[in-house]
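I opened this entry to keep track of what I looked up, one topic at a time.

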Amino acid sequence: MYQVLLADDEPSVIASLQKSIDWNGLGLELAGCAGSGREALALFGQKRIDIALLDIRMPGMSGLELCEELRRRNENIQLIIISGYAEFSYAERAIRYGVLGYCLKPLEYEQITKLLVKAVKNLEKTAVRVTDADFLDALENRDEEALRRIMASFGMNDAKYFIAVSVGEGRIPVPVSEGMLVEFGRGQCGYITREALKMQAFEAFLSVPGNQGIGYIPEAVDMVQIPSAVQNCIAQAYHFFIQQDCRICRETEERRAARWLGEVQRNVQDNKWDIVCEQLSDIEENHIPDFTVRSAVKLCNIIFTGYLFQEEETDYYIYGIRQLVAEYGTMKEMLGRLRTAILAARTPEMEENAYSNTAFMGLMVYIKENYKKDISLSTAGQALHMNPNYISQLFKKEAGITFIHYITQLRMEDAVNLLSMTNKPVIDIAMEVGFNDYFYFLKTFKKFTGKTPSQYREEL
C-alpha cells in the first residue's frame with residue numbers, strides 16, 4: 001500500500017480526514033499525522049511517504065515550504081494542498097512545486113478522493129521500480145549518492161541504520177515502514193532497518209529447517225559505512241562454517257589468523273609442502289577458532305596459488321564465502337581436503353595416454369547438465385567417480401582452457417542472452433545461470449563484457 005501523511009494544525013481536520021476517506025479501499029495506508037510543518041518533516045524522515053496532504057498555513061513551517069522540501073527529497077511524492085484561503089499567489093506557488101490539487105476548506109471529501117485516486121495512478125505510472133540489483137550495484141561500487149537516492153525511494157531518509165544478513169531459504173519479516181529487505185543471492189538476504197531486529201526474530205528464523213545463520217551489527221551505522229557493514233554481516237552469517245553451534249554472530253576477529261596465513265604462505269612459496277600439511281593438521285586440531293570464513297577463503301587460495309597447482313589454479317580458486325561453504329561445508333572438512341589435494345598434486349603427472357576420450361565426453365555431458373548449479377571439481381569428481389585433479393588436467397588437455405573458465409564462459413553466454421532477449425530482473429538472471437552470489441556475478445560479468453549488466457542492457 002502507498003503511505004499517506006496528513007499535516008494540519010487543526011486536529012478536527014485531521015480527524016475528519018481519517019474518518020471520511022476510505023483509505024483501504026483506495027489502496028492507501030496512513031503513515032502518520034502531524035500538527036506542524038516541522039513535525040511533518042520529522043515523520044518524513046522516519047517513514048516512507050508517497051502522498052502528503054498538507055495545510056497551507058502551519059506553525060513553524062508553512063505547507064508550501066514543506067512542499068518544496070519534500071519535493072527536493074523525493075521527486076515522485078504526490079502533494080495535495082488544503083487551504084482556507086483562495087488566493088491566487090498560493091495556488092501559483094503550489095503549481096510551481098508540482099502540487100496535484102488545491103482543496104479549499106470546508107473540505108469536499110469527494111474531491112479529495114478523486115485527487116487521491118489520481119495520485120495512486122501517477123505513482124503506478126511514473127514510479128521507477130528500484131530493484132535489488134540497483135541497490136547491490138550501489139553497494140558493490142560503494143556509491144554513497146546512489147545508495148541515498150535508492151533508499152530515499154523506500155522512504156529511508158534516516159542518518160543511521162541497523163544491518164543484518166540471513167542465510168537460508170526463509171526471510172525475517174520486516175514491515176515496509178521499518179526498513180528494507182534485499183536479496184544478495186539465492187538463500188541470502190540483507191536487512192537495513194531503522195530499529196535493530198530483535199533476538200526473538202533471529203531465533204524464530206533459525207528454528208525453521210533450512211535456515212542456517214545470521215550476522216548482524218548491534219550498533220547503527222551511517223550511509224557511508226553500509227557497504228562494509230553488509231560485507232561484515234555476510235561473513236558473520238556464515239560463521240557456522242567455522243563453529244557449527246554459532247548460528248547468530250555479531251562480530252568476528254580477522255587478525256587472529258594472520259600468523260597462520262603468513263607462515264603457510266611462506267612455506268607454499270618455498271615448496272615446503274610437507275610442512276604445509278603439518279600446519280594444516282595443527283590448525284585442524286588446535287586453531288580452527290582463530291579463523292573466520294574470510295581468513296578460510298584466504299587460506300584456500302594461498303594453497304591453490306602454489307607451484308603444485310600452477311596449471312589448475314583457477315579451477316580450485318575460491319572467489320567468495322558462498323562458494324567456500326558450498327564446496328567444503330565446514331572448516332574441518334576444508335582442512336582435510338586441502339591436505340588430500342596437496343598429496344594428489346604431488347603424485348607424478350599422468351601420462352598422455354592416460355587421458356580417456358570416453359572420460360572427457362562423460363565430463364562434458366555432466367557439465368552441460370549441471371553448469372547452472374553449484375558445480376566444482378569436487379562435485380564433478382564425486383558424480384563421475386574421478387579424482388578432481390585428474391578432471392582438471394583432463395579438461396585442460398582436451399579443451400585448452402580450465403574447467404572453471406569453461407563453466408564461467410557458458411554462464412556468461414547465457415546471461416548475455418537473457419539480458420538481451422528478456423526483461424527478467426538482473427538478480428534473477430544471475431541466479432538462473434548459476435551464480436548464487438550476486439556480487440561475484442557483477443565482477444565476472446564486467447570482466448567478461450567490460451560493462452555492468454545494467455549498462456549492457458541499456459546499450460542494446
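This is a predicted model: local features need pLDDT of at least 70, side-chain atom pairs count only at pLDDT 80 or more; totals for chains, interfaces and linings use all residues.

Entry 1: I then checked strand 1 (residues 2-7) against strand 3 (residues 51-55) and found a parallel pairing over four bridges, in which Val4 stands opposite Ile51 of strand 3.

Entry 2: I next asked myself how many residues of strand 8 (residues 188-193) are buried. The count is six of its six residues, and I could sort them by face: Gln188, Gly190 and Ile192 lie on one side, while Cys189, Tyr191 and Thr193 lie on the other. I found that strand 6 (residues 160-167) pairs with strand 8 in the antiparallel sense over six bridges, with Ile163 opposite Ile192. Strand 7 (residues 179-185) also runs antiparallel to strand 8 and is joined to it by six bridges, and here Gly179 stands opposite Thr193. Strand 7 and strand 8 form a hairpin with two residues between them, and I noted that Gly187 in the turn has a positive phi of about 70°.

**Entry 3: helix 17.** I listed the buried residues of helix 17 (residues 377-384), which are Leu377, Ser378, Ala380 and Gly381. Seen down the helix axis, these buried residues fall within an arc of 165°, so I recorded that they line one face of helix 17. After helix 17 comes His385, and I noted its positive phi, near 55°.

**Entry 4: aromatic pairs.** I moved on to the rings and read that the structure holds 14 aromatic pairs. For Trp273 and Phe309 I noted ring centres 6.2 Å apart and planes at 75°, so this pair is edge-to-face, the cut-off being over 60 degrees. Trp273 belongs to helix 11 (residues 273-287) and Phe309 to the loop between helix 12 (293-304) and helix 13 (313-316), so that the pair links distant parts of the chain, 36 residues apart. I checked burial too, and both Trp273 and Phe309 are buried. Phe395 and Tyr406 form a tilted pair, for which I wrote down 5.3 Å centre to centre and 45° between the planes. Because Phe395 lies in helix 18 (residues 388-399) and Tyr406 in helix 19 (residues 403-421), this pair ties together parts that are 11 residues apart in sequence. Both Phe395 and Tyr406 are buried.

Entry 5: I found a cluster linked by ring pairs, and its members are Tyr319, Phe435, Tyr438, Tyr440, Phe441, Phe445 and Tyr456. The charged end of Arg411 sits over the ring of Phe435, 5.4 Å from the ring centre. Leaving aside its neighbours within four places in sequence, I found Thr444 in contact with Thr408, Met412 and Phe435.

Definitions and conventions. Residues are numbered from 1 along each chain as its sequence is written. Side-chain values use heavy atoms; hydrogens and water are left out. Contact means heavy atoms within 4.5 Å. Buried means under 20% relative accessible area, exposed over 50%, partly exposed in between (1.4 Å probe, protein chains only). The arc is that of the directions from the helix axis to the C-beta atoms. Two strands pair if DSSP finds at least two bridges between them. Rings of Phe, Tyr and Trp (its six-membered ring) pair if their centres lie within 6.5 Å; planes under 30 degrees apart count as stacked, over 60 as edge-to-face and the rest as tilted. A charge sits over a ring if NZ of Lys or CZ of Arg is within 6 Å of the ring centre and within 35 degrees of the ring normal.
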